[in-house]
Amino acid sequence: MSAAPKILLISDFNIANLAALISNDESEPSCSVTIAPFGQVDQTLIDHRSASWMETPDAAFVWTQPHVEIPSFARLVANQPVEQEVLVGEVEQFARLLIAASGRLKHLFVATWAVPPWVRGLGPLDMRSSGGIGAALLLMNHSLVQVLEKEAGIHVLDARRWIEVCGGGSFSPKLWYNSKTPFNTAVFMQAAVELKAFLRALAGGARKLIVTDLDDTLWGGVVGDVGWENLSVGGHSAEGEARVDFQRALKALSNRGILLAIASKNQESVALEALERHPEMVLRSADFAGWRINWQDKAANIASLAQELNLGLQSVVFIDDNPAERGRVREALPEVFVPDWPESPLLYPSALGSLTCFDPGSISQEDRDRAGSYQQERQRRSSSPLVGSMDEWLLSLELRVVAEELSAANLQRVTQLLNKTNQMNMSTRRLSEKELSQWVESEVNRLWAFRVMDSFGDSGLTGIVSVTTAGGAAGIVDLVLSCRVMGRNVEDAMLHFVVSQLRGSPNPPALLKARYVPTAKNAPCLEFLSRSQLLRSEGDPHDFSWACEDEYKCPAHVSLTCH
Amino acid sequence: MQTTHQITEIVFEAIDEVNQLLPRDRRIPKSEDAMLFGPSGLLDSMGVVNLSVAVEEKVEKKFGVSVSLIGDEAMGEEVFPMESVQSLIGYLAKSIKKD
């Protein structure tokens, strides 16, 4: 997606207020918004030559009213008989239009359908499958999701949540009759926030690490004063139950790949004992990818944690009950997101759940395994002092790298890795699954993905190299490595593999070129290129090359195979 | 006097809401002198609808009075209530007093 994505809004109602909110929102990415002609949803989706598509939007957001887009639903609202099959057939027809239009876009967002609370249908009987509006709406949304979830690049967004958040005044008859705007601004605000969060996630901007305080945040009380036995976690108090729910919510985020860490002013042994021994503690020390439990400045501790986990500060969220600590971290580390935090612990679970900064662009098995992978990394590090040199330590890891071509089985993960990786990413190219598949179809382009394993566990698909060939030379287009496996010379093994592949090809290129494209976040990639075996150009420090007649050496501690 | 002060607060709150929908350089100042609609006004027709609905809802909540700022009665006024912040506050004060 381009730096300022172009968004096309397609709706059967006046959606100007949403366009204004997205355009005026100063958070990244800034978007340029256009609106398709009012009320011409199907025509816009079908007619790729219409003026709406002239701006070549990156993404479109389609938000319709159920009684307008689905004629059978309008008949149902008018208490006329409608067969379920007919209703579902019209939903599927609409879905086909969306799928066809999605071919012109990187991403197509579609809102679920909702009706105002006063459209009560059959009242208490409204959830009956025969004639009930509520039941029909559930069926329609379910059918829409079922058809669209199979399509890469189409994302169904839950409009009913935006409406619920805004309560009774979500639908505005006054705005509707005066301007054909069905919702109050607050609903559009929710939609804009979620859409922007999704765009950030798709561009690799979702936050990846929560650093939490302990005393009066993860648990109630100061452990150094009251002892772990007397901390408020669980039990039968409202506050204790809320702390358990807060920890459960953190654990749920961890289960889908958000890392947890601790920054606490405490004695480490005392705090860890509390984590291990308190019977109602949901989170144990094994749930944390790292911690800094000491009396040092928390900002310095957070920076050091991020470095240890190979994450940029823009990936970090800091949660602390103490406003002074929050203020200090905000001031010292402006890239770290420090949310305002409620005073009452009863509000902690909802405050955490309301954050959109962790919204994923997609979810893969690697995401689900991430927390475990970082725990393995902690074990790896703790093992390193046991051996003498770095080389010996690397050798002890029994590192295995498996290369594989792009396939239907790994397309989603490769795309996700390409779009999420910021630090070890040579060109920071962002592509949708469809675009990546199309790119690889060209005979001159090749892409390999790399899985990394060692004696501590499987880090999964964590590397990508893609190459394009023209005029006797090959150029690296993408060189991507997850921060989870940086620092083990996997990058060199990947380059060894690619050079070997090029040397063994029917028309081997004379030269392999690499051009580093700087961003605010990918300095680690330049560091790697500079210390790699590649030859740095004297004319341009961002240009590197390798003569393919020579073999690029594979690190001795890496066992490399091709799947 | 107290009512006028409360009305002014309501109008300024509504301006804050509507300003979220406007580019930074076209936002309405919270001043009685601010022109809203017309040749020198800051709002287009959609902006007028947004502001009028926001004000109407707040007035109803605060005073229990239903006003229509862009209905036929308001349109028939010598000065359109949505012309400026001053005319808006004046029209609201008159409507609330009448009710």
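This is a predicted model: local features need pLDDT of at least 70, side-chain atom pairs count only at pLDDT 80 or more; totals for chains, interfaces and linings use all residues.
Biologist: How many residues of chain B are in contact with chain A?
Modeller: Residues are numbered from 1 along each chain as its sequence is written, and chains are lettered from A and ligands numbered from 1 in the order in which they are written. Contact needs C-beta atoms, placed from the backbone, within 7 Å. Eleven residues of chain A meet a set on chain B that numbers ten.

Biologist: Which helix gives the largest share of the side of chain B that touches chain A?
Modeller: By class, that side has six nonpolar, two polar and two charged residues (nonpolar: Ala, Val, Leu, Ile, Met, Phe, Trp, Tyr, Cys, Pro; charged: Asp, Glu, Lys, Arg; polar: the others, Gly among them). Helices are DSSP runs (H or I, at least four residues), numbered from the N terminus. Five of the touching residues come from residues 45-63 of chain B, helix H2(B).

Biologist: Which element of chain B has the lowest mean pLDDT?
Modeller: Chain B has a mean pLDDT of 92, with 97% of its residues at 70 or more, and the model scores ipTM 0.91 and pTM 0.74. Among the elements of chain B, H2(B) is highest at 95, and the lowest mean, 84, belongs to helix H3 (residues 72-75) of chain B.

Biologist: Is Lys30(B) buried, exposed or partly exposed?
Modeller: Lys30(B) sits in the loop between helix H1 (2-19) and H2 of chain B, and it touches Phe12(B) and Ile15(B), leaving aside residues up to four places away in sequence. Buried means 20 or more other C-beta atoms within 10 Å, exposed 12 or fewer, and partly exposed in between. Because Lys30(B) has 15 C-beta neighbours inside 10 Å, it counts as partly exposed.

Biologist: How far apart in space are Lys30(B) and Ser40(B)?
Modeller: These two residues are ten residues apart in sequence. Going from C-alpha to C-alpha, the spacing between Lys30(B) and Ser40(B) is 16 Å.

Biologist: Now chain A! At what angle do the axes of H5(A) and H6(A) cross?
Modeller: Axes are lines fitted to C-alpha atoms, for helices over the stretch in contact, with angles from 0 to 180 degrees between N-to-C directions. Helix H5 (residues 84-102) and helix H6 (residues 133-148) of chain A have axes that come within 9 Å and cross at roughly 40 degrees.

Biologist: What does that make H5(A) relative to H6(A)?
Modeller: Under 35 degrees is roughly parallel, over 145 roughly antiparallel, 65 to 115 roughly perpendicular, and the rest oblique. The contact includes Leu87(A) and Val91(A) of H5(A) and Leu139(A) and Leu144(A) of H6(A), and its residues divide into eleven nonpolar, two polar and one charged. The crossing angle of roughly 40 degrees therefore makes H5(A) and H6(A) oblique.

Biologist: How many charged residues are in the contact of H13(A) with H14(A)?
Modeller: Helix H13 (residues 298-308) and helix H14 (residues 323-332) of chain A pack at about 55 degrees, with axes 9 Å apart, and are therefore oblique to each other. Lys298(A), Ala299(A) and Ile302(A) of H13(A) meet Glu325(A), Arg328(A), Val329(A) and Ala332(A) of H14(A). That contact has four nonpolar residues and no polar ones, and its charged residues number three.

How values were computed
Two residues are in contact if their C-beta atoms, placed from the backbone, lie within 7 Å. Helices (H or I, at least four residues) and strands (E, at least two) are DSSP runs, numbered from the N terminus. pLDDT is the predictor's confidence in each residue, from 0 to 100.
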